[in-house]
Amino acid sequence: MEAAKSNLVTEMERDFVPSATLATFASERREPTVGGVPVRVSEDLVDWGVYGLEPSDPRARPFVLLRTQIMATAQRMKARCIAVTSPKAGEGKSYVAANLATAISRVADVCLVDLHLRRPVVAEWFDLPAKGGTAGVLGGRQSMAEGYYRVEGERLGIIPVGLLQEDASMLVSLGTVDTLVEQLRGLPGEPLCILDCPPVLENDDMLQIARHVDAIILIAEEGKTTQGDLGESARLLRPTPVLGTLLNRSIVPAAFPS
Ligand SMILES: Nc1ncnc2c1ncn2[C@@H]1O[C@H](COP(=O)(O)OP(=O)(O)O)[C@@H](O)[C@H]1O
Ligand SMILES: [Mg+2]
């Protein structure tokens, strides 16, 4: 039992590069430039565990600090498309991606993109219509513009998965991820794109995606993710740089004491 326990990830790996202050990267612009079909902020967002649009909510605080680190590192690396992934299901990929994107949207243009075709959550969390989205782009049925939403009054673009007409396993391996990422790079306002991705170890979807993004945030869940799975994931994702490894469910007490 003890041996098994010691294999679990238990400490925050502080490999983010803390550097310049947020002010360096936050512009004074107030009007969103991210384009897209305007949608209202979902009233259920906080119930889904997304706090980034609620700056006074203490649960948003870890993501405000995380955004500083991510924006600084992305700026230094000239990274525009950042994938959020983890070894296995249910470790907090969508939670971190949605909270990080909403936190960033308070100070900069950002786009949250759902690329977990087999288990998408973004449309439900943000209460978006079931049309357009990454499935249509990957399937060659639609352009990005058709499934691109913008939260009214925020600098937050969102691209959900949309209607899945094809086999999800086929879509990612079709080799069209590069086209999708190219379209993300061409979005108006040049937002930082945060991609809510599939896990690394379940199938090869994430390995296909990793080849086309600029950088990766690797999530581990305290008491659940094993060191072995984390190490194997980091190995499989090479050579795409891992911006940092984040220990979920210990973010507040361990990394960001209030
Ligand atoms: N640190 C956290 N605090 C509270 N709820 C969390 C946390 N991390 C994840 N969750 C919740 O746990 C569930 C699974 O997380 P999710 O991000 O959907 O996992 P994944 O995308 O890795 O499959 C979701 O309901 C999410 O809101
Ligand atoms: Mg998810």
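**Reading strands, sheet and ligand shell**

Tutor: Five of the seven residues of β8 are buried, so β8 is largely enclosed by the rest of the structure. A residue is buried if 20 or more other C-beta atoms lie within 10 Å of its own, exposed if 12 or fewer, and partly exposed in between, with C-beta atoms placed from the backbone. Helices (H or I, at least four residues) and strands (E, at least two) are DSSP runs, numbered from the N terminus. One caveat: this is a predicted model, where local features need pLDDT of at least 70 and side-chain atom pairs count only at pLDDT 80 or more, while totals for chains, interfaces and linings use all residues. Residues are numbered from 1 along each chain as its sequence is written, and chains are lettered from A and ligands numbered from 1 in the order in which they are written.

Student: How many helices and strands does the chain come to?
Tutor: Ten helices and eight strands. Of the 258 residues in the chain, 45% are buried.

Student: In what order do the strands of the open sheet run?
Tutor: Think pairing first: two strands pair if DSSP finds at least two bridges between them. Here the eight strands make an open sheet in the order β1-β4-β5-β3-β6-β2-β7-β8, and the pairing is mixed. Its edge strands, pairing on one side only, are β1 (37-39) and β8 (242-248). From one strand to the next the twist averages 25°. For angles, axes are lines fitted to C-alpha atoms, for helices over the stretch in contact, and values run from 0 to 180 degrees between N-to-C directions.

Student: Which helix packs on the sheet at β7 and β8?
Tutor: That's α9 (residues 227-237), which touches β7 (215-221) and β8, its direction making about 170° with that of β7. Contact has a cut-off too: the C-beta atoms of the two residues, placed from the backbone, lie within 7 Å.

Student: Why is β2 described as largely enclosed?
Tutor: Because five of the five residues of β2 (residues 81-85) are buried. Cys81, Ala83 and Thr85 point one way, Ile82 and Val84 the other. On its two sides β2 runs parallel to β6 (residues 192-196), joined by four bridges, and parallel to β7, also by four bridges. Val84 has Asp196 as its bridge partner in β6 and Ile217 as its partner in β7.

Student: Which residues are around ligand 1?
Tutor: A residue counts as near if its C-beta atom, placed from the backbone, lies within 6 Å of the molecule. Among them are Gly49, Ser86, Lys93, Tyr95, Asn248 and Arg249. The largest share of that shell, three residues, comes from α3 (residues 93-105). By class the shell has three nonpolar, six polar and three charged residues: Ala, Val, Leu, Ile, Met, Phe, Trp, Tyr, Cys and Pro count as nonpolar, Asp, Glu, Lys and Arg as charged, and the others, Gly among them, as polar.

Student: Is Ser86 buried or exposed?
Tutor: Ser86 is buried, with 29 other C-beta atoms within 10 Å. It sits in the loop between β2 and α3.
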